[in-house]
Amino acid sequence: MGAENGERVEKLAADFNASQNNYRVVPSFKGNYTDTMTGAVAAFRARKQPHIVQVFEVGTATMMAAKGAIYPVEQLMADSDVVFDKSIYLPGVISYYQTPKGNLLSMPFNSSTPVLWYNREAFAKAGIKQPPSTWQEMFNVSEKLVASGMKCGFSFGWQSWVMIENFSTWHDQSIGTQQNGFAGFDTELSFNTPELKRRIQSIADSQSSGHFAYGGREDDSLPLFSSGECGMWMSSSANTAALSSQAKFAYGQSMLPLDTSIATEPQNSIIGGATLWVLQGHSKQSYRGVAEFLTYLSGAEVQAWWHQETGYVPITIAAAELSREQGFYQRNPDYDVAVKQLNLNTPTENSKGLRFGNFVQIRTIINEELESVWAGTKTASSALDDAVSRGNRLLRRFERAN
Amino acid sequence: MLKRVHFRSSWLPYALVAPQILVTLVFFMWPAGQSIYQSFLIEDAFGFSTEFVWFENYTYLLTDSLYFDTVFRTLFFSFSVAFLSLSIALLLAGFVDRIIRGAMFYRTMLIWPYAVAPVIAGALWVFMFDPTLGILTAMLDSFGWHWNHRLNGGEAMALVIIAATWKQISYNFLFLVAAMQAIPKSLIEAAALDGAGPLRRFRTIIFPLIMPTGFFLLVVNVVYAFFETFGIIHVVTGGGPAKATEILVYKAYSDGFIGLDLGGSAAQSTILMIGVVLLTVIQFRYVERQVDYSS
């Protein structure tokens, strides 16, 4: 991790090193998530792998398939005689990283979920009292924002994660067959539903009246919100640190809007972010240090600090409790939105997460197809159909290679 | 009559070319060979399950119509960059060749961009054209042009062409100025005395005499646009929006290093290698015929 959150990772490692004398953790920044994962794979092939690598959630299927390279966390803890209790973790977080039998493979570290960020000052100026809770209200509120002089109503970052993956789980719709890939590599994408097509098309159409503005992939659209051009922005809850240094106005978080033509109640959102994978090929002695470091990271105080500083969700129940006891949610009432969304309902087969091979490339495909919808060169219907068929080609190729 | 010098020893010429051969073998032949071998394999990211599949990676690629879109996009991009950077450099060199005072200053300033690394060059243009914060975007906005290369594929392509051209102009300029300076002054003065104006002198004397350099630059520029613009594209657009600026080398990178599909990426590299070899052969066989080296 880089930038503001990277400094906090440095601090975690330094604090751990200061807390004991036996081991020393050396953090190193290797670029964004994809760069880091590629770097770890290359390092492993050259037999120079690190002990721990931070891999984002969409790399999970690739890491899982690399049985000889990874050291499952649960086994590491047992081999190192470190007490490990899985029940302290939030179920919505660890379910993403378990084998079908329930073994935890990697250690959850930074998990977030998309929320609706909104500009309180712009809302007050436009006379809007409540953040929108449905898509109909999204457009109504955007209308008022634009009428009050804003350039646009809303934008979003990480469009595949927010508008395809989380949109599906939020409305309890499947993203792919075989329980979104959890049940096997022979999964096929299924998100090209009439409901999603209709929603995407309506967003694209709303560009002409200034309701929606596209600001690029990943979090490239952040400046649209932080500079005050757009009044709302859907992206990761973990933008706390970035927004507090960039936005010059009061802002709040709210739950993702519901499409009432699809569901009457929201189901639950899913996480994004990364886990820590332990790689094979080092000494038993050093793995003990790894086990202790991972235990340290899950400690309630460390997690509560991390959660409050970054906006990532606390991964243990104790850390969430501690934050409440410290009065964090009273001072910052919106900061429990992410946890609430994740724990809204017991996850269904459609909403416990996703596990697709080659998903890094599939997300690129989804980016490309959605961009052609925003640019008006394709309809939402043909773009989503193309995204599914191109994605399925990559899923078959992954199945073939593993 | 040409005088020829003969060395008796038979080992000396081999010893003299040996370092170059060695460098070529280690840094070109070996990796190229590995890449060709890799293109016949399908394996997972970490290399645990490897299967020899002959041409499956190639058929996978060649049955994908989007791949051919990338091929044509690459040709368009490369020739645009080569044409623009050569013609602008030629224009600038023509002017600099004629000025007397401060020539050194202009030359230095014009060569400067060449020292900028592609990634930095890309970053500069990204800042200036950022759809929300960019200074040039704000200027275009005041003319009623809402520049957004994150959404508009044409604008994205224009931006990477501008950035890649801007960086290459210096290199071309350097060679063209040197070539112009090497033309004997007496030729130009004689033409001037015969009444040929600056444009006529450029067309009939300078231009033909710098053709060998121009041809060399054409080859270099096309290769530059094919490969070295990677850094610029990576920083400016990342191949987007919707593949609008994805050229072949960028696709090989993103499939191999982001997608971790090494076999598919190696197959693309092999095709790219064959393509560039063919292109160079064509340039030498057909374009070079038009060039007269003897004068």
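1. Domain bounds, as used in this note, come from an automatic or database domain assignment. In this predicted model, that assignment divides chain A into domain 1, covering 3-112 + 271-342, and domain 2, covering 115-269 + 357-401. The centres of the two domains of chain A, taken over C-alpha atoms, are separated by 27 Å.

2. Where the two domains of chain A meet, 24 residues of domain 1 are in contact with 23 residues of domain 2. On the domain 1 side, at least two residues each are supplied by α1 (3-19), α3 (60-65), β2 (107-112), β7 (272-278), α14 (300-310) and α17 (337-342) of chain A, and among these α17(A) gives the most, with 4 residues. Sorted by class, this side of domain 1 of chain A, the one that touches domain 2, has 9 nonpolar, 12 polar and 3 charged residues.

3. Two of the elements named there, β2(A) and β7(A), also belong to an open sheet of 3 strands in chain A, whose order is β1-β7-β2 and whose pairing is antiparallel. The edge strands are β1 (52-56) and β2 of chain A, each of which pairs on one side only, and the twist from one strand to the next averages 20 degrees.

4. Within that sheet, β1(A) and β7(A) pair in the antiparallel sense over 5 bridges, and A:Val55 stands opposite A:Thr275 in β7(A). Helix α2 (residues 33-45) of chain A lies across β1 and β7 of chain A, and runs at about 135 degrees to β1(A).

5. The contact between the chains takes 32 residues from chain A and 23 residues from chain B. On the chain B side, the elements that give two or more residues are β1 (41-43) and α12 (248-258) of chain B, with the largest share, 3 residues, coming from α12(B). By class, the side of chain B that touches chain A has 11 nonpolar, 8 polar and 4 charged residues.

6. The helix α12(B) also packs against helix α13 (residues 262-287) of chain B, at an angle of about 160 degrees and with the axes 8 Å apart. Since angles over 145 degrees count as roughly antiparallel, α12(B) and α13(B) are therefore roughly antiparallel to each other, and α12(B) passes α13(B) in a left-handed crossing. Residues making the contact include B:Leu248, B:Val249 and B:Ala252 of α12(B), and B:Leu262, B:Ser265 and B:Leu272 of α13(B). By class, the contact of α12(B) with α13(B) has 5 nonpolar, 5 polar and 2 charged residues.

Methods. Residues numbered from 1 in each chain as written. Chains lettered and ligands numbered in written order. Predicted model: local features only at pLDDT ≥ 70, side-chain atom pairs only at ≥ 80, totals over all residues. Contact = placed C-beta atoms within 7 Å. Nonpolar A, V, L, I, M, F, W, Y, C, P; charged D, E, K, R; others polar. Axes fitted to C-alpha atoms, helices over the stretch in contact; angles between N-to-C directions. Parallel < 35°, antiparallel > 145°, perpendicular 65-115°, else oblique. Left-handed = near helix turned anticlockwise from the far one by under 90°. Pairing = 2+ DSSP bridges.
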